[in-house]
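Have the viewer open as you read.

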Amino acid sequence: MEQKGLSGFFEQFLSKESLFKNKQVLQSNYTPEEISYRDEQISQIANILAPALRKERPSNLFVYGKTGTGKTLSITYVAKQIEEVARQRELPVKVVYLNCKLKKIADTEYRLIAQLAREFGKEIPPTGLPTEEVYNIFCNALDQENAILLLILDEIDELAKRPTDEILYNLTRINTDMKNSQLSLIGISNSLIFAENLDPRVKSSLCEEDVIFAPYNALQLQHILKKRCLEAFHEGTLEEGLVEKCSAYAAREHGDARRALELLRVAAEIAERDSLVKVTIAHLDRAEEKIEKDKMVDIVTTQPRQFQLILYAIMIIYEKRNKNVFTGEVYELYKDLCQQTALRPLTQRRVSDVVGEFDMLGLINAKVISKGRYGRTREISVSPSLSSIPRLKKMLAEELALS
DNA sequence: GTCAATTCACATGAAAGAGACCACGGTCTAGTG
DNA sequence: CTAGACCGTGGTCTCTTTCATGTGAATTGACGA
C-alpha cells in the first residue's frame, strides 16, 4: 500500500464514529460497579473473611464454580472492600492475589513462594536458591509484618497437578511456624474434582469453608449483558434480539459470562470493520466462528516444532483416509517426517503423551480403544473446528519447511 | 459351543537424565596508589 | 590492596528418555456336550 494512501486510511478511520462507547467494559479484566446475581455468595464470602478485620484468622476458603461465573470477580471485590476498611482503620490486613496458571510467575512451588516473598518487598532471583530458603524468607517477612494475610490462589488446581509439590500442604501448615502473623488461604477452582483427589490432610484444612458459584442461566446472562451493553455501546448499535441470542449461546456453554461478552465484542468488531453502524445476528455467528478459529490457529502456531510435526502427521493420514487414525501409524509417518526435516525423533512414549495433550487442547479427538488381539491404541480423529481451517495444513507445512 | 488363557500394541507410571538458567563463594588477575 | 573476571558447586525447571507395568477384547485352543 502506498504511504499516502495509508495515512488517508488512518484519517478516515479516525473520522469514523466508533460503534463502541467504551470498549473496556467488554474486556474480561473489567470490574463492574456492582455484581449481579451474586449477592448471596458475596455476603457468604464477606462473612467468612470478616474476622480478619478483628485480627482473627479467617477460615480457609474454597471457592468452586465453572469459568465465567464471577468467582474471581466476587472474591476480588470482597477483598478490595476489606483492604479498604483495613486501610481506613489502619488494621494490619494484607491481601495477595495470585493466579497459579500464569506461566513463569506462580505455576510452581518455588515461583509461587518467590512471588509471595516479592510481595513483601524481598528480592528473590527467578531461580538458583533452594526452595526451603525462599520459604524461610517469606515466613520471616510475613511474621515481621504482624498481619493477617489473605492469600487468594486463583486456578488453584494448577498447583495440584504436580504431585511432587508439597506447596498446598506447606501453606496450610505455615501458621504453626509463625508467631505474629496469620495466613488464610482462599482457593479458587473451576473443577470440583480437584478437591476430591486432594491429599486428605490438605483437603480438610483448605476446605474449612466453601462457596459454590452456580452457572448463570440465560435470563441472568441477558440481564448482565444488557447492563454492560448500556455502557459499552452507543444506543441503537445492536440489532433487536442480539443480546438475547448471545446470552442463549453462552448459557448453552455452561453459563459463561466471559464468553458471552467476548462474543459480543468480537461481533461488534467485525461489524465495525465492515463499516456498518449496526451489529446484527449474522455478525454474532461469524464472531463465534472467528473466536473458535483464532483460538485454534493460535494454539497450533505456538506449539513447538516437534509437536507441529506430530500434528501434521496426524492431519495427513486423517485426510488421506478420512477415517480414524492409530498411534502407531502416526508415529511411523512422524519418524519419516523427522528424517526429511533433520529433526531427531522423539520416542514413542513421548509422542503418546503429546497426542494426549493435543486431545486436551481440543485439536484432535483421541479415544483409547482396544482392538482385541490387535492391541490397544488411541483412535484419533482431527477435530472438526481444526479441519475447517483450510490453510492450516499448508501453514504448518511451510513453517516446518516440508515439501 | 463355552470358557479361560494368550496375545498384541500400545497406554500409563515412575524415575531419572540432559541442558538451560541462575546464585553464591572462592580464587585469580590486572590495575591502582 | 581491591574491583572485577572466572570457575565450581549446587539449586530450579522443563522436556525427554528409560524401564516397568497395565489393559481390554479378539483370538486360540482345550474341553465337554
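Glutamate 319 is exposed, with a relative accessible area of 51%; here buried means under 20% relative accessible area, exposed over 50% and partly exposed in between, using a 1.4 Å probe and protein chains only. Before going on, some housekeeping: this is a predicted model, where local features need pLDDT of at least 70 and side-chain atom pairs count only at pLDDT 80 or more, while totals for chains, interfaces and linings use all residues. Residues are numbered from 1 along each chain as its sequence is written, chains are lettered from A and ligands numbered from 1 in the order in which they are written, and side-chain values use heavy atoms, with hydrogens and water left out.

So who does glutamate 319 pair with? Its salt bridge partner (a side-chain nitrogen of Lys or Arg within 4 Å of a carboxyl oxygen of Asp or Glu) is lysine 393, with the closest N and O atoms 2.8 Å apart. This pair ties together distant parts of the chain, since glutamate 319 belongs to helix α14 (residues 305–321) and lysine 393 to helix α18 (residues 392–399), 74 residues apart. Helices here are DSSP runs of H or I with at least four residues, strands are runs of E with at least two, and both are numbered from the N terminus. Lysine 393 itself is partly exposed, at 24%.

Helix α13 (residues 281–301) has a local version: aspartate 294 and lysine 290 sit 4 residues apart there, about one helical turn, and they form a salt bridge with closest N and O atoms 2.8 Å apart. By this rule the count comes to 19 salt bridges, and Arg252, Glu253, Arg259 and Glu288 are linked in a network of them.

Now for the DNA. Sugar and phosphate make up 70% of the DNA strand B atoms that come within 4 Å of the protein.

Note on methods: Near = heavy atom within 4 Å.
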